[in-house]
Amino acid sequence: MISKNYTLAIGHVKRDLPIVPINSITSIASFVLLGDAELAHEAAQQLKNRLPKDFDCIVTMESKGIPLAQELAVLMQQPRYVVLRKSVKSYMNSPLTTDVSAITTQAHQQLVLDQNDADYLQNKKIILLDDVISSGGSLLAAETLLQQINVNIVTKAAILAEGDAAKRDDIVYLQPLPLFKPDA
């Protein structure tokens, strides 16, 4: 029988994450950064020391990566960051889209880049940022979308690398996050 919580420590901040099933063979420690200002700030402080200094913009995916991107942009003195949205909005100008599949999302999703943001990112060196990298589906979709424009992804980063993602050598992360078997 597995514990019902997993204790995560990022710097001096600790959180007890509930372990929840996502299918019949896998449970995850539910990590939700939204609304946790203290954890977002501490993670950004820890992560900034592992990131290159020579970049032009942080790019993240909606929505849980947003607080981390905000904190990192402030700490690294970046005036702006770009968010890849999950749907086309009526105000968008000629949006670029790609499909995304992620371990925690059952419904079909897209990633969307507004043409104004695409123009801003042209010829820039970017850090591609997420809260958790697990299957890598969201990250791959973001890379696919960004390949439609001329950007150089200098680093892919996250707070946590879940399951086999912790074995990847192409990402920067603070902590591994194990996967669990559901209670029998």
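Two strands count as paired here if DSSP finds at least two bridges between them, with strands (E, at least two residues) and helices (H or I, at least four) taken as DSSP runs numbered from the N terminus. On that basis, an open sheet of five strands turns up with the order 5-4-8-9-10 and parallel pairing. Strand 5 (81-84) and strand 10 (172-177) sit at the edges with a single partner strand each, so one side of each has no neighbour in the sheet.

This is a predicted model, so local features need pLDDT of at least 70 and side-chain atom pairs count only at pLDDT 80 or more, while totals for chains, interfaces and linings use all residues. Residues are numbered from 1 along each chain as its sequence is written, and side-chain values use heavy atoms, leaving out hydrogens and water.

Now to strand 8. Four bridges tie strand 8 to strand 4 (residues 57-61), with valine 59 opposite leucine 128. Eight bridges link strand 8 to strand 9 (residues 152-162), and isoleucine 133 faces alanine 161 there.

Aspartate 130 belongs to strand 8 (residues 125-133). Aspartate 130 is buried but has no salt bridge, meaning a side-chain nitrogen of Lys or Arg within 4 Å of a carboxyl oxygen of Asp or Glu. Contacts of aspartate 130 (heavy atoms within 4.5 Å), not counting residues up to four places away in sequence, include Thr60, Leu68 and Ser138.

Definitions and conventions:
Buried < 20%, exposed > 50% of the residue type's maximum accessible area, 1.4 Å probe, protein only. Lys, Arg positive; Asp, Glu negative; His and termini not counted.
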